[in-house]
Amino acid sequence: MERKIITTADGSKTIQLVGLNEHYHSVHGALQEAEHVFIKHGLLHAIDHFSTKNQPISILEIGFGSGLNALATLVASEKHSVSIAYVGVEAYPVSKEEVLELDYATLFQEARYQDLNNQIHLVPWGTFQKISPHFSLLKQQKMFKDITDTNTHHLIYFDAFGPRVQPDLWTESVFKIMFDALMPSGVLVTYSAKGSVRRAMQAVGFTVEKLPGPPGKREMLRATKQTATPSL
(Lines give C-alpha, C1' and ligand atoms only; values in the text may rest on other atoms or scores of the structure.)
Protein backbone atom coordinates (compact mmCIF):
# COMPACT_ATOMS: atom_id res chain seq x y z
CA MET A 1 0.00 0.00 0.00
CA GLU A 2 1.31 3.42 -0.96
CA ARG A 3 2.45 5.54 1.98
CA LYS A 4 3.54 9.15 1.88
CA ILE A 5 4.47 11.88 4.34
CA ILE A 6 2.16 14.91 4.34
CA THR A 7 2.17 18.15 6.33
CA THR A 8 -0.87 18.74 8.57
CA ALA A 9 -2.57 22.05 9.34
CA ASP A 10 -0.36 22.91 12.34
CA GLY A 11 2.87 22.32 10.41
CA SER A 12 3.61 18.89 11.88
CA LYS A 13 3.77 15.87 9.58
CA THR A 14 1.99 12.54 9.44
CA ILE A 15 1.90 9.38 7.33
CA GLN A 16 -0.93 8.96 4.84
CA LEU A 17 -2.10 5.53 3.67
CA VAL A 18 -3.11 6.64 0.21
CA GLY A 19 -5.36 3.75 -0.81
CA LEU A 20 -7.42 3.96 2.37
CA ASN A 21 -7.36 7.75 2.69
CA GLU A 22 -6.32 7.18 6.30
CA HIS A 23 -3.66 8.98 8.34
CA TYR A 24 -1.57 8.19 11.40
CA HIS A 25 -2.63 11.54 12.90
CA SER A 26 -5.23 14.21 12.27
CA VAL A 27 -4.74 16.24 9.10
CA HIS A 28 -6.02 19.21 11.14
CA GLY A 29 -2.83 19.05 13.21
CA ALA A 30 -0.84 15.98 14.23
CA LEU A 31 0.88 17.62 17.20
CA GLN A 32 -2.27 19.46 18.29
CA GLU A 33 -4.18 16.17 18.34
CA ALA A 34 -1.46 14.43 20.38
CA GLU A 35 -1.31 17.23 22.95
CA HIS A 36 -5.09 17.68 23.22
CA VAL A 37 -6.25 14.06 23.33
CA PHE A 38 -3.37 12.22 24.95
CA ILE A 39 -1.51 14.84 27.00
CA LYS A 40 -4.23 17.26 28.15
CA HIS A 41 -7.11 14.79 28.63
CA GLY A 42 -4.98 11.71 29.30
CA LEU A 43 -1.62 12.33 30.95
CA LEU A 44 -2.54 15.46 32.91
CA HIS A 45 -5.68 13.74 34.16
CA ALA A 46 -3.57 10.75 35.26
CA ILE A 47 -1.04 13.02 36.98
CA ASP A 48 -3.86 14.56 39.02
CA HIS A 49 -5.21 11.15 40.03
CA PHE A 50 -2.19 8.82 40.24
CA SER A 51 1.07 10.75 40.50
CA THR A 52 3.29 9.71 43.42
CA LYS A 53 7.01 10.04 44.07
CA ASN A 54 7.37 6.29 44.58
CA GLN A 55 5.66 4.91 41.48
CA PRO A 56 5.81 6.00 37.84
CA ILE A 57 2.64 6.49 35.85
CA SER A 58 2.28 3.46 33.58
CA ILE A 59 1.02 4.23 30.07
CA LEU A 60 0.05 1.72 27.38
CA GLU A 61 -0.13 3.11 23.86
CA ILE A 62 -2.24 1.20 21.37
CA GLY A 63 -0.64 2.07 18.06
CA PHE A 64 2.92 3.29 18.73
CA GLY A 65 3.14 4.28 15.07
CA SER A 66 5.33 7.30 14.39
CA GLY A 67 6.34 7.78 18.04
CA LEU A 68 4.81 11.28 18.23
CA ASN A 69 2.69 10.49 21.30
CA ALA A 70 5.70 8.97 23.05
CA LEU A 71 7.87 12.02 22.35
CA ALA A 72 5.12 14.43 23.45
CA THR A 73 4.76 12.40 26.66
CA LEU A 74 8.52 12.49 27.29
CA VAL A 75 8.48 16.28 26.91
CA ALA A 76 5.49 16.54 29.28
CA SER A 77 7.15 14.25 31.83
CA GLU A 78 10.05 16.69 32.10
CA LYS A 79 7.79 19.73 32.22
CA HIS A 80 5.74 18.26 35.08
CA SER A 81 8.60 16.33 36.76
CA VAL A 82 6.67 13.06 36.75
CA SER A 83 8.08 9.60 36.05
CA ILE A 84 6.55 7.66 33.17
CA ALA A 85 6.81 3.95 32.31
CA TYR A 86 5.67 3.83 28.69
CA VAL A 87 4.69 0.71 26.76
CA GLY A 88 4.06 1.17 23.03
CA VAL A 89 2.40 -1.65 21.11
CA GLU A 90 2.68 -1.71 17.31
CA ALA A 91 2.13 -4.55 14.85
CA TYR A 92 3.77 -2.80 11.88
CA PRO A 93 6.60 -0.41 12.86
CA VAL A 94 7.32 2.61 10.66
CA SER A 95 10.58 2.66 8.73
CA LYS A 96 13.72 4.54 9.75
CA GLU A 97 13.36 6.65 6.60
CA GLU A 98 9.84 7.70 7.62
CA VAL A 99 11.01 8.60 11.13
CA LEU A 100 13.69 10.88 9.67
CA GLU A 101 11.26 12.56 7.27
CA LEU A 102 8.64 13.13 9.99
CA ASP A 103 11.33 14.94 12.03
CA TYR A 104 9.16 15.37 15.12
CA ALA A 105 11.96 16.59 17.38
CA THR A 106 11.98 19.97 15.58
CA LEU A 107 8.43 20.60 16.88
CA PHE A 108 9.92 21.17 20.33
CA GLN A 109 12.24 24.09 21.02
CA GLU A 110 15.17 22.37 22.72
CA ALA A 111 17.77 20.84 20.42
CA ARG A 112 18.37 17.91 22.79
CA TYR A 113 14.97 16.46 21.86
CA GLN A 114 16.54 15.38 18.56
CA ASP A 115 18.76 12.96 20.44
CA LEU A 116 15.91 11.83 22.70
CA ASN A 117 13.65 11.22 19.71
CA ASN A 118 16.41 9.17 18.10
CA GLN A 119 16.73 7.12 21.27
CA ILE A 120 13.00 6.41 21.26
CA HIS A 121 13.30 4.84 17.82
CA LEU A 122 16.64 3.11 18.46
CA VAL A 123 15.41 1.21 21.53
CA PRO A 124 15.28 -2.46 20.48
CA TRP A 125 11.79 -3.94 20.41
CA GLY A 126 11.08 -5.95 23.55
CA THR A 127 13.72 -4.14 25.64
CA PHE A 128 12.79 -1.81 28.49
CA GLN A 129 15.13 1.19 28.55
CA LYS A 130 15.42 4.51 30.34
CA ILE A 131 15.42 7.34 27.80
CA SER A 132 15.53 10.32 30.16
CA PRO A 133 15.43 10.83 33.95
CA HIS A 134 11.61 10.78 33.88
CA PHE A 135 10.81 8.53 30.92
CA SER A 136 11.35 4.80 30.35
CA LEU A 137 10.17 2.92 27.27
CA LEU A 138 9.25 -0.62 26.24
CA LYS A 139 8.22 -1.17 22.62
CA GLN A 140 6.32 -4.37 21.81
CA GLN A 141 5.75 -5.57 18.26
CA LYS A 142 2.54 -7.58 18.36
CA MET A 143 -1.15 -7.52 17.55
CA PHE A 144 -3.43 -5.71 19.99
CA LYS A 145 -5.44 -8.89 20.59
CA ASP A 146 -2.29 -10.51 22.00
CA ILE A 147 -1.99 -8.05 24.92
CA THR A 148 -2.32 -9.96 28.20
CA ASP A 149 -1.56 -7.24 30.79
CA THR A 150 -3.85 -7.33 33.83
CA ASN A 151 -4.39 -4.43 36.28
CA THR A 152 -1.10 -2.97 35.05
CA HIS A 153 -1.56 0.51 33.58
CA HIS A 154 -2.88 3.83 34.85
CA LEU A 155 -3.56 5.16 31.36
CA ILE A 156 -4.14 3.89 27.84
CA TYR A 157 -3.62 5.97 24.72
CA PHE A 158 -5.96 4.27 22.24
CA ASP A 159 -4.61 5.53 18.92
CA ALA A 160 -5.47 2.76 16.48
CA PHE A 161 -6.50 3.50 12.90
CA GLY A 162 -10.10 4.71 12.79
CA PRO A 163 -13.16 2.46 12.92
CA ARG A 164 -13.95 3.29 9.27
CA VAL A 165 -10.90 1.37 8.01
CA GLN A 166 -10.27 -1.07 10.89
CA PRO A 167 -13.60 -1.68 12.66
CA ASP A 168 -12.24 -4.89 14.23
CA LEU A 169 -9.97 -2.79 16.49
CA TRP A 170 -12.93 -0.93 18.03
CA THR A 171 -15.00 -3.86 19.28
CA GLU A 172 -16.10 -5.15 22.67
CA SER A 173 -13.45 -7.89 22.54
CA VAL A 174 -10.64 -5.36 22.11
CA PHE A 175 -12.01 -2.99 24.76
CA LYS A 176 -12.31 -5.91 27.19
CA ILE A 177 -8.54 -6.41 26.76
CA MET A 178 -8.07 -2.69 27.46
CA PHE A 179 -10.35 -2.81 30.51
CA ASP A 180 -8.42 -5.75 31.95
CA ALA A 181 -5.06 -4.06 31.30
CA LEU A 182 -5.97 -0.98 33.37
CA MET A 183 -5.62 -0.64 37.10
CA PRO A 184 -8.82 0.18 39.03
CA SER A 185 -9.78 3.81 38.27
CA GLY A 186 -7.46 3.78 35.25
CA VAL A 187 -8.48 5.68 32.14
CA LEU A 188 -8.43 5.22 28.37
CA VAL A 189 -8.45 8.20 26.02
CA THR A 190 -9.08 8.21 22.28
CA TYR A 191 -9.73 10.70 19.51
CA SER A 192 -12.84 8.80 18.39
CA ALA A 193 -16.32 9.73 19.63
CA LYS A 194 -18.29 7.35 17.42
CA GLY A 195 -21.46 6.00 19.05
CA SER A 196 -20.58 2.35 18.39
CA VAL A 197 -17.20 2.88 20.05
CA ARG A 198 -18.76 4.44 23.14
CA ARG A 199 -21.30 1.60 23.39
CA ALA A 200 -18.58 -1.06 23.04
CA MET A 201 -16.64 0.57 25.89
CA GLN A 202 -19.72 0.73 28.10
CA ALA A 203 -20.59 -2.90 27.34
CA VAL A 204 -17.33 -4.14 28.92
CA GLY A 205 -17.69 -1.99 32.06
CA PHE A 206 -16.19 1.40 31.27
CA THR A 207 -17.81 4.63 32.38
CA VAL A 208 -17.49 6.88 29.33
CA GLU A 209 -17.50 10.66 29.06
CA LYS A 210 -17.50 12.87 26.00
CA LEU A 211 -14.95 15.69 26.01
CA PRO A 212 -14.28 18.52 23.55
CA GLY A 213 -12.27 17.19 20.63
CA PRO A 214 -9.03 18.44 19.06
CA PRO A 215 -9.08 20.78 16.04
CA GLY A 216 -11.30 19.28 13.35
CA LYS A 217 -13.28 17.06 15.73
CA ARG A 218 -16.22 18.09 17.88
CA GLU A 219 -15.77 15.42 20.57
CA MET A 220 -13.45 12.71 21.90
CA LEU A 221 -13.91 9.98 24.52
CA ARG A 222 -12.40 9.23 27.91
CA ALA A 223 -13.30 5.92 29.54
CA THR A 224 -12.72 5.08 33.21
CA LYS A 225 -12.44 1.67 34.84
CA GLN A 226 -14.56 2.41 37.87
CA THR A 227 -13.78 0.70 41.15
CA ALA A 228 -16.77 -1.36 42.19
CA THR A 229 -18.66 -0.08 45.23
CA PRO A 230 -18.98 -2.83 47.86
CA SER A 231 -22.57 -3.88 48.49
CA LEU A 232 -23.93 -3.51 52.01
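A residue is called buried when its relative accessible area is under 20%. The model shown in these views is predicted.

**View 1. Tyr24 and Phe161 form an aromatic pair between distant parts of the chain.** The structure has 11 aromatic pairs. In this one, the ring centres of Tyr24 and Phe161 lie 5.0 Å apart with the planes at 90°, and the pair is therefore edge-to-face. Tyr24 belongs to the loop between β3 (22–23) and α1 (30–50), whereas Phe161 belongs to the loop between β8 (153–158) and α5 (172–181). The two residues are 137 residues apart. Tyr24 has a relative accessible area of 11%, so this residue is buried. Phe161, at 22% relative accessibility, is partly exposed.

**View 2. Phe38 and Tyr157 pair their rings in a tilted arrangement.** The ring centres are 5.0 Å apart; because the planes stand at 50°, the pair counts as tilted. Phe38 is part of helix α1 and Tyr157 is part of strand β8, so the pair ties together parts separated by 119 residues in sequence. Both Phe38 and Tyr157 are buried.

**View 3. Helix α4 (residues 112–122) has buried residues on the same side.** The buried residues in this helix are Tyr113, Leu116, Asn117 and Ile120. Their arc around the axis is only 100°, which means that they lie on the same side of α4. Among the elements that cover them are α2 (68–79), β6 (129–132) and β7 (135–140).

**View 4. Arg112 takes part in a salt bridge and lies over an aromatic ring.** The side chain of Arg112 meets that of Glu110 in a salt bridge, at 2.6 Å from N to O. Arg112 has a relative accessible area of 39% and is partly exposed; Glu110, with 41%, is also partly exposed. Salt bridges with shared partners connect Glu78, Glu110 and Arg112 in one network. Arg112 also lies over the face of Tyr113, 4.8 Å from the ring centre.

View 5. The structure holds nine salt bridges. Asp180 is partly exposed at 27% relative accessibility, and Lys176 is partly exposed at 38%.

**View 6. The charged end of Lys225 sits over the ring of Phe179.** The distance from this charged end to the ring centre is 5.0 Å.

How values were computed
Residues numbered from 1 in each chain as written. Predicted model: local features only at pLDDT ≥ 70, side-chain atom pairs only at ≥ 80, totals over all residues. Heavy atoms only, no water. Phe/Tyr/Trp six-rings, centres within 6.5 Å; stacked < 30°, edge-to-face > 60°. Helix = DSSP H or I, 4+ residues; strand = E, 2+ residues; numbered from the N terminus. Buried < 20%, exposed > 50% of the residue type's maximum accessible area, 1.4 Å probe, protein only. Lys NZ or Arg CZ within 6 Å of the ring centre and 35° of its normal. Arc of directions from axis to C-beta. Contact = heavy atoms within 4.5 Å. Salt bridge = Lys/Arg side-chain N within 4 Å of Asp/Glu carboxyl O.
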